[in-house]
Amino acid sequence: MKKIFKYGLYLVCILILTTWFANYRVTKTTKEQLYNSVSEIPHNKIGVVLGTTKLLAGGFVNYYFTYRIDATVALYKAGKIDYIVVSGDHSRNDYNEPKDMEQALIEHGIPKEKIYLDYAGLRTLDSVYRMKAIFGQDNFTIISQPFHNERAVYIANHLDLKTVAYNAKDVSRNYGFKTMLREKFARVKVLLDNLINKKPKYLGDPVIIGEGVIQERAQDK
């Protein structure tokens with residue numbers, strides 16, 4: 001029993017240290033690439049909005065979604081991005097993050113022809129990786145909440161992509177507690193993914209931005 005307790009204690013300590021290191025490294029190495037000010041962030045041709053569900057269980061508003069849309073609109077109207085890629089999950093017919101984001105952007109006055117849909121952004125890794133592999137972009141702006149931007153930029157750095165990120169408004173501590181808890185472990189997984197050079201689940205044919213909106217569905221790949 002004492003040995004089991006001892007080994008269990010070692011395992012807990014290793015988990016805590018690994019989680020701390022992953023979070024420290026992701027935050028420390030990306031902080032210079034994150035911006036809170038529209039006026040200060042440099043211009044990029046493309047902005048990619050990382051996907052999330054439009055509505056929570058029970059039909060409640062998901063403020064992560066709302067604030068990401070607001071941030072994207074602000075960047076576009078300030079001339080800081082020219083085109084927008086909405087990247088999210090459309091692995092089921094009844095769930096379509098990219099289409100929901102596109103519709104919200106159009107409702108805010110963004111021209112449809114300026115929006116490209118990436119239906120295979122099932123994970124943050126997929127969204128970032130596919131920006132180069134599918135959309136041919138080495139240099140782009142990532143749009144999400146600060147914690148998410150840090151992880152996305154960290155992935156982009158590992159892939160030798162040149163990115164900056166614009167921080168959408170964050171939610172309250174109570175509202176986002178579960179999300180932030182999951183984020184701690186998601187960062188550990190990022191280190192493991194980088195170690196094994198994890199690739200997206202779906203790739204597909206190239207999409208040339210600026211020459212017509214070519215949309216692809218994850219289930220077709």
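## How to read the model

Because the model is predicted, local features need pLDDT of at least 70 and side-chain atom pairs count only at pLDDT 80 or more, whereas totals for chains, interfaces and linings use all residues. Residues are numbered from 1 along each chain as its sequence is written, and side-chain values use heavy atoms, with hydrogens and water left out.

## Aromatic pairs

A pair of aromatic rings is described by the distance of the centres and the angle of the planes. The structure holds six aromatic pairs, where rings of Phe, Tyr and Trp (its six-membered ring) pair if their centres lie within 6.5 Å, and where planes under 30 degrees apart count as stacked, over 60 as edge-to-face and the rest as tilted. In one of the pairs, the ring centres of Y64 and Y175 are 6.1 Å apart and the planes stand at 55 degrees, so this pair is tilted. Y64 belongs to helix 2 (residues 63–77) and Y175 to the loop between strand 6 (162–167) and helix 6 (177–196), so the pair ties together parts that are 111 residues apart in sequence; here helices (H or I, at least four residues) and strands (E, at least two) are DSSP runs, numbered from the N terminus. Y64 is buried, with a relative accessible area of 6%, while Y175 is partly exposed at 32%; buried means under 20% relative accessible area, exposed over 50%, and partly exposed in between (1.4 Å probe, protein chains only).

The rings of Y83 and Y116 also have their centres 6.1 Å apart, but their planes are at 70 degrees, so this pair is edge-to-face. Y83 lies in strand 3 (residues 81–87) and Y116 in strand 4 (residues 115–118), so the pair ties together parts that are 33 residues apart in sequence, and both Y83 and Y116 are buried. K114 lies over the face of Y83, at 4.6 Å from the ring centre, a description that requires NZ of Lys or CZ of Arg to be within 6 Å of the ring centre and within 35 degrees of the ring normal. Elsewhere, ring pairs link Y63, Y64, Y67, F147 and Y175 into a cluster.

## Nonpolar cores

In soluble globular proteins, nonpolar side chains tend to be buried together. A nonpolar core is a set of buried Ala, Val, Leu, Ile, Met, Phe, Trp, Tyr and Cys residues joined through side-chain atoms within 4.5 Å. The largest such core has 28 residues, of which V85, F135, F140 and I142 touch the most other members. At least two residues of this core come from each of helix 1 (2–30), strand 2 (44–50), strand 3, helix 4 (124–133), strand 5 (139–144), helix 5 (146–158) and helix 6, and helix 5 gives the most, with five residues.

Leaving aside residues up to four places away in sequence, I142 touches V48, L50, N149, A152, V153, T163, V164, A165 and Y166, where contact means heavy atoms within 4.5 Å.

## Salt bridges

Side chains of opposite charge can pair when their charged atoms come close. A search of the whole structure finds 10 salt bridges, each being a side-chain nitrogen of Lys or Arg within 4 Å of a carboxyl oxygen of Asp or Glu. One of them joins the side chains of D138 and K132 (3.0 Å, N to O); D138 is partly exposed, with a relative accessible area of 38%, and K132 is partly exposed too, at 39%.

Within helix 6, E183 forms a salt bridge with R187, the closest N and O atoms being 2.9 Å apart, and these residues are four residues apart, about one turn of the helix. E183 counts as buried at 3% relative accessibility, as does R187 at 4%. D193 forms a salt bridge with K189, with the closest N and O atoms 3.3 Å apart, and being four residues apart in helix 6, D193 and K189 are separated by about one helical turn. D193 is buried at 6% relative accessibility, whereas K189 is partly exposed at 40%. Salt bridges that share partners join E150, R151, E183 and R187 into one network.

## Single residues

D160, found in the loop between helix 5 and strand 6, has a phi near 65 degrees, a positive value in a residue other than glycine, and D160 counts as exposed at 67% relative accessibility.
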